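Visitor: I am new here, and I would like to know where the labels come from. Could you show me the model and let me ask about them?

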Amino acid sequence: MSNVSYYTAEGLKKLRDEIDQLKSVERPKASQAIADARDKGDLSENAEYDAAKEAQGLLELRIAKMEEILANARLIDESQLDTSKVLVLSTVRIKNQTNGMEIKYKLVAESEADLKAGKISVTSPIGKGLLGKSVGEIAEISVPNGTLKFEVLEITRD
């Protein structure tokens, strides 16, 4: 079963760049490590050769997984997003009902989440709790240490 993931143009480019890096830089390094280990003699007792082969196998697995993600990736047209409710790629300004603190987040795909940049995953507890909410609604979000209540103040697509 395929898992479709949605990406911004920036996130899709980052994914493609990482796959290119693995294929054009890391794959040749792994092949060279195997060749270097093979040159050291008897392969039956060569731990360095075994380790290089293992590393190459893990690299190929990682490349295959990333290519599968890319094959199932869909580009989101941010200009077509509805700002009447919180959706993927919405930028939402919320107010914590407990302490009155206001926070601004952009809801993104899990692979693009970066809390320092104000981007949270739609699969995170807060992201899930905000999805579908409109301005003025209160999102009650269960977190490990209780329930948080956030009021949606503004929804934009910047």
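What follows is a conversation about the labels used for this structure and the values behind them.

Guide: Welcome! This is a predicted model, in which local features need pLDDT of at least 70 and side-chain atom pairs count only at pLDDT 80 or more, while totals for chains, interfaces and linings use all residues. Residues are numbered from 1 along each chain as its sequence is written, and side-chain values use heavy atoms, with hydrogens and water left out.

Visitor: Into which domains is the protein divided, and where do the domain bounds come from?

Guide: There is domain 1, residues 5-75, and domain 2, residues 78-156. The bounds come from an automatic or database domain assignment. Taken over C-alpha atoms, the two centres lie 35 Å apart.

Visitor: How many residues does each domain bring to the contact?

Guide: Domain 1 brings 5 residues and domain 2 brings 6. Contact here means heavy atoms within 4.5 Å.

Visitor: What area do domain 1 and domain 2 bury between them?

Guide: About 460 Å², with 50% of it on carbon and sulfur atoms. Buried area is the accessible area (1.4 Å probe) that two parts lose on being put together, summed over both. On the domain 1 side, Tyr 6, Tyr 7 and Thr 8 lose the most area to domain 2, together 78% of what that side buries. Strand 1 (5-7) and helix 1 (9-38) each supply at least two residues of that side. Helices (H or I, at least four residues) and strands (E, at least two) are DSSP runs, numbered from the N terminus.

Visitor: Why is the pair of Arg 62 and Glu 18 called a salt bridge?

Guide: The closest N and O atoms of Arg 62 and Glu 18 are 2.7 Å apart, and the limit is 4 Å, so the pair qualifies. Arg 62 lies in helix 2 (residues 47-71) and Glu 18 in helix 1, so the pair ties together parts that are 44 residues apart in sequence.

Visitor: What makes Glu 18 and Arg 62 a polar contact as well?

Guide: Their side chains are joined at 2.7 Å. A polar contact is a pair of N or O atoms within 3.5 Å; within protein, one must be able to donate a hydrogen and the other to accept it, and residues adjacent in sequence count only if both atoms are side-chain atoms. Not counting residues up to four places away in sequence, Glu 18 touches Arg 62 and Met 66.

Visitor: Why does Glu 18 count as partly exposed?

Guide: Its relative accessibility is 33%. Buried means under 20% relative accessible area, exposed over 50%, and partly exposed in between (1.4 Å probe, protein chains only), so the label follows from the value. Arg 62, with a relative accessible area of 41%, is partly exposed too.

Visitor: How do you know that Lys 29 and Glu 26 meet in a salt bridge?

Guide: Their side chains come to 3.9 Å, N to O, which is within the 4 Å limit. Both residues lie in helix 1, 3 residues apart, about one turn of the helix.

Visitor: Which residues are linked in a network of salt bridges?

Guide: Arg 93, Glu 102 and Glu 154 are linked this way. Between Glu 102 and Arg 93 the N to O distance is 2.7 Å. Glu 102 is partly exposed, with a relative accessible area of 46%, and Arg 93 is partly exposed at 27%.

Visitor: Is Leu 89 buried or exposed?

Guide: Leu 89 counts as buried, because its relative accessibility is 2%. Leu 89 sits in the loop between strand 2 (73-75) and strand 3 (91-96).

Visitor: What is the phi of Leu 89?

Guide: Phi of Leu 89 is near 75°, a positive value in a residue other than glycine. Most residues other than glycine have a negative phi.

Visitor: Where is Ala 113?

Guide: Ala 113 is in the loop between strand 4 (102-108) and strand 5 (119-121). Ala 113 is partly exposed, with a relative accessible area of 38%. Leaving aside neighbours within four places in sequence, Ala 113 is in contact with Val 108, Lys 119, Ile 120 and Ser 121.
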